[in-house]
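Subject: Structure handover and notes

Hello,

Please find the structure below. My notes come after it.

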Amino acid sequence: MSEKIIEIKNVHFAYEHQKVLDGVDLTLLKGEFLGIIGPNGSGKSTLVKLMLGLLKPLKGEITLFGEPVRQFKTRSRVGYVSQKSNSFNRGFPATVREVVASGLYGRLGLFRRMKKADWERVDQAIEQVGLSPFAGRNIGKLSGGQQQRAFIARALVSDPDLLILDEPTVGIDVKSVEEFYQLLADLHRNKGLSLVLVTHDIGVVTTCVDRVACLNKRLFFHGDSQDFREHQHEILSAAYGHEIRVIEHHHHV
Ligand SMILES: Nc1ncnc2c1ncn2[C@@H]1O[C@H](COP(=O)(O)OP(=O)(O)OP(=O)(O)O)[C@@H](O)[C@H]1O
């Protein structure tokens with residue numbers, strides 16, 4: 001059987017008195033690409049923070065690479081790009097190379113000097129996301145889509161086995177979004193990376209990912225994207241609470 005990268009069992013969570021997650025069970029196997037969808041405020045980012053051990057469940061268990069997440073120490077195995085990564089101040093004084101290098105600090109310790117081999121890894125990660133021509137440019141002087149690629153490179157520089165992306169395409173134009181999904185599909189296919197993508201783009205989950213989780217406090221669906229496609233109308237109406245029309249996207253990945 002494939003290795004379980006993430007296992008979430010009967011997880012409940014509340015902020016003060018507001019119940020946000022109610023009995024969620026979810027598994028991510030090695031090499032899987034999971035898309036998490038759900039309406040605004042349905043608990044997606046909270047679930048991601050629980051997966052990362054940044055929040056503690058009220059009830060239930062979460063393991064990462066087979067270890068209880070709160071005790072998990074090998075942080076470099078997990079790359080995380082949060083929703084807010086790209087709300088960067090235009091004047092922020094760091095180059096793409098420096099921002100990407102900061103992804104190694106967790107492993108190296110903030111004050112250890114970067115060696116030549118470390119800078120080579122940085123440049124390799126920058127190349128992987130197609131940003132080599134911008135490596136020396138100030139991060140604030142890139143477009144939103146390019147900045148997002150820089151944050152992916154920062155998450156990739158420690159060579160993680162798992163990449164978690166929380167709504168990474170907010171505020172990015174259609175063409176850059178297409179390229180971005182292409183990049184994720186390549187990483188998934190060619191590097192065997194396990195991926196979790198939180199998105200509002202239902203078209204993407206029906207075309208790019210292997211597995212879909214549809215959340216609104218509890219899971220309304222967790223299964224293969226093919227099954228999701230066949231039943232998406234019922235699943236989405238149940239989870240979003242009203243009839244929604246899915247606009248078909250054709251992502252060429
Ligand atoms: N730090 C917090 N303190 C109190 N309530 C919070 C906090 N973070 C989120 N919430 C509330 O918990 C609920 C779930 O929020 P969460 O961010 O997990 O949803 P989401 O599905 O990621 O939403 P969106 O799609 O809008 O980003 C929301 O009602 C939100 O207002």
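What follows is a summary by region, with cut-offs where a term first comes up.

This is a predicted model: local features need pLDDT of at least 70, side-chain atom pairs count only at pLDDT 80 or more, and totals for chains, interfaces and linings use all residues. Residues are numbered from 1 along each chain as its sequence is written.

Confidence and overall content

The mean pLDDT (the predictor's confidence in each residue, from 0 to 100) of the protein is 87, and 89% of its residues reach 70 or more. For the complex, the predictor gives an ipTM of 0.97 and a pTM of 0.88. The protein has eight helices and ten strands; these are DSSP runs numbered from the N terminus, with helices being H or I of at least four residues and strands E of at least two. Of the 253 residues, 41% count as buried. A residue is buried if 20 or more other C-beta atoms lie within 10 Å of its own, exposed if 12 or fewer, and partly exposed in between, with C-beta atoms placed from the backbone. Two residues are in contact if their C-beta atoms, placed from the backbone, lie within 7 Å. Among contacts between residues at least 6 apart in sequence, 68% join residues at least 24 apart.

The residues around the ligand are Tyr 15, Val 20, Gly 38, Asn 40, Gly 41, Ser 42, Gly 43, Lys 44, Ser 45 and Thr 46. The criterion is a C-beta atom, placed from the backbone, within 6 Å of the molecule. By class, the shell has two nonpolar, seven polar and one charged residues. Here Ala, Val, Leu, Ile, Met, Phe, Trp, Tyr, Cys and Pro count as nonpolar, Asp, Glu, Lys and Arg as charged, and the others, Gly among them, as polar.

The largest share of the shell, three residues, comes from α1. Six of the eight residues of α1 (residues 44-51) are buried, so the helix is largely enclosed by the rest of the structure. The buried ones are Lys 44, Thr 46, Leu 47, Val 48, Leu 50 and Met 51. Just after α1, Gly 53 takes a positive phi of about 75 degrees. Leu 54 lies in the loop between α1 and β4 and counts as partly exposed, with 13 C-beta neighbours inside 10 Å. Leu 54 and Arg 70 are 16 residues apart in sequence and 8.1 Å apart in space, C-alpha to C-alpha.

Nonpolar core

A nonpolar core is a set of buried Ala, Val, Leu, Ile, Met, Phe, Trp, Tyr and Cys residues joined through C-beta atoms within 7 Å. The largest one has 72 residues, and those with the most contacts inside it are Met 51, Val 100, Ala 150, Ala 153 and Ile 164. Helix α5 (residues 144-156) gives the largest share of this core, six residues. Not counting residues up to four places away in sequence, Met 51 touches Ile 6, Ile 62, Val 69 and Ile 164.

Strands

Two strands pair if DSSP finds at least two bridges between them. An open sheet of four strands has the order β2-β1-β4-β5, with antiparallel pairing. β2 (18-29) and β5 (67-68) stand at the edges with a single partner strand each, so one side of each is left without a neighbour in the sheet. Strand β1 (residues 4-15) is joined to β4 (residues 59-64) by five bridges, and His 12 stands opposite Lys 59 in β4.

Parallel pairing occurs elsewhere. Four bridges join β6 (residues 78-81) to β7 (residues 162-166) in the parallel sense, with Tyr 80 opposite Ile 164. Five bridges join β7 to β8, also parallel, and Asp 166 has Val 198 as its bridge partner in β8. Strand β3 (residues 33-37) pairs with β8 in the parallel sense over four bridges, and Ile 36 stands opposite Val 198. Five of the five residues of β8 (residues 194-198) are buried, so this strand is largely enclosed by the rest of the structure.

Backbone points to check

Most residues other than glycine have a negative phi. Phe 65, in the loop between β4 and β5, has a positive phi of about 50 degrees. Lys 217, in the loop between β9 (211-216) and β10 (218-224), has a positive phi near 70 degrees.

Regards
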